[in-house]
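Please keep the sequence and the model open while reading this note, and check each point against them.

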Amino acid sequence: MAAVSAAAPYVARDRDLHNRALVRGWLYVVLLVLFALVVVGGATRLTESGLSITEWQPIHGIIPPLNDAEWQEEFQRYQQIPQYTELNKGMSIEAFKSIFWWEWAHRLLARSVGLVFALPLLVFWGSRRIERGLGPKLVGILLLGGLQGAIGWWMVASGLVDRVSVSQYRLATHLTLAALIFTATMVVARGLAPHSEPAADRSTQRLAGFIVFLALVQIYLGGLVAGLDAGLSYNTWPLMDGKIIPGDLLILEPAWRNFFESPKTVQFIHRLGAYTVFAVALWHMIATRRRLPGSTHARRATLLFVLVLVQASIGVGTLLMQVPLHMALTHQAFALIVLGFAAAHWRGTKGAYPLPTRPPMKRRYILFGLLAAAIVYFAVELPRYV
Ligand code: HEM
């Protein structure tokens, strides 16, 4: 009588660890490209280049004008929008080319990050290197990336009629979603890293996670400051308009509008946000050093506090110097460093993802991936042809 044995339980092997290292390395490359993308996006905004390309052509738009006639055509399109007629009338084609190249580079990097993410994802999936549970997280990040492209265009569209610059609501949303994608990629990458120390206690984990949340809120508020050019007034610190709490913070009706539309209130709230991040990071550092003395978690909490301190100092410098390009760009880039480190630290306090207990998913799932990519492609390109 033949014995029917139950399937042997799946045991994680060296191959799983090797796959994790590969996937992690790829996600670090994605993080680098994302970082460059955000910095070039900041430069695009600060050089007021963001409205120079007035169409959305996700795939076709990769080719810039190649001859004089095409440059003239592109320039003529720009001459139709209020930013040209009200602010830049008489701009030379050479000046137009320089703003064009910033926006083009930003869009090119955005497309590149899409490829750097999607192609290896398909290859890793096809070669069964994506462990169970990881696929939905990675596809989720991919979808957020697609959404970000659409939000980028939604933001640009707000500056093409009636206004000479984009809506601060949309700018802040675009920046915050970029920050969210960066955070999610970092969290997944660090979850795949080997961790030499056990996870921290729940309250340390929660506080570390709360700092990530606060950093994201602070970035949203920074986006509002930038979108309203609110850093060009009240260039004193610690006082604002001669007081710790300036007057006329609720001058617009209804009151909620002040928090998004009044440069004074928005700048004040961004200051308050910074003080909050600072205080919570300080508290977290002290508490972690007491609770887990000598641990990696305590060292990271300390470094996180130092990074927040540096970022707040750069913010004050940006304000006092009335927002010169190099300071504003450093302030934006460093915000991403603080956020990225906070996210890595938070993931670190939770320990690595448990090793897989089941083999990776079957190859047929790659078919769904390809199908989804084809649908996205047609969704974004089809309107060009109809
Ligand atoms: C943890 C602390 C802080 C974080 C994470 C942070 C983050 C940001 C971000 C992401 C932006 C948008 C940058 C852009 O899109 O160009 C911004 C803008 C700005 N922040 Fe902060 N900030 C912090 C603290 C401060 C402080 C303490 C000040 C001054 C008191 C400050 C002053 C400014 C100013 C003036 C801008 C506008 C710069 C521009 O127009 O480009 N920030 N901040």
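This is a predicted model: local features need pLDDT of at least 70, side-chain atom pairs count only at pLDDT 80 or more; totals for chains, interfaces and linings use all residues.

1. The largest nonpolar core has 67 residues, and those with the most contacts inside it are Phe-182, Ile-211, Ala-215, Leu-304, Leu-339, Ala-342 and Ala-343. Here a nonpolar core is a set of buried Ala, Val, Leu, Ile, Met, Phe, Trp, Tyr and Cys residues joined through C-beta atoms within 7 Å, and a residue is buried if 20 or more other C-beta atoms lie within 10 Å of its own, exposed if 12 or fewer, and partly exposed in between, with C-beta atoms placed from the backbone. At least two residues of this core come from each of H1, H4, H5, H6, H7, H9, H10 and H11, and H6 gives the largest share, eleven residues. Both domain 1 (13-194 + 356-386) and domain 2 (197-352) contribute at least three residues to this core. Apart from it lies another core, of six residues, including Phe-96, Ile-99, Phe-100 and Trp-102.

2. Residues are numbered from 1 along each chain as its sequence is written. Helices (H or I, at least four residues) and strands (E, at least two) are DSSP runs, numbered from the N terminus.

3. Val-338, which has its place in helix H11, counts as buried because it has 23 C-beta neighbours inside 10 Å. Leaving aside residues up to four places away in sequence, Val-338 touches Ala-215, Leu-307, Val-308 and Gln-311, where contact is taken as C-beta atoms within 7 Å. Gln-311 is 27 residues from Val-338 along the chain, yet their C-alpha atoms are separated by 7.6 Å.

4. How is the chain divided? It is divided into domain 1 (13-194 + 356-386) and domain 2 (197-352), with bounds from an automatic or database domain assignment. The C-alpha centres of domain 1 and domain 2 lie 26 Å apart, and the contact takes 23 residues from each of them. On the side of domain 1 that touches domain 2, H1 and helix H6 (168-191) each supply at least two residues, and H6 gives the largest share, 14 residues. That side has 16 nonpolar, five polar and two charged residues; Ala, Val, Leu, Ile, Met, Phe, Trp, Tyr, Cys and Pro count as nonpolar, Asp, Glu, Lys and Arg as charged, and the others, Gly among them, as polar.

5. Around the ligand there are 30 residues, of which Gly-222, Gly-231, Ala-274, Gly-315 and Ala-328 come nearest; a residue is included if its C-beta atom lies within 6 Å of the molecule. Domain 1 and domain 2 each provide at least three residues of the shell.

6. Helix H9 (residues 263-291) has 29 residues and should span 42 Å at 1.5 Å a residue, which agrees with the 42 Å between its end C-alpha atoms; the expected span is 1.5 Å times one less than the number of residues. The buried residues of H9 include Phe-268, Ile-269, Val-277 and Met-285, and among the elements that cover them are helix H7 (202-227), helix H8 (258-261) and helix H10 (296-320).

Conventions
Two residues are in contact if their C-beta atoms, placed from the backbone, lie within 7 Å.
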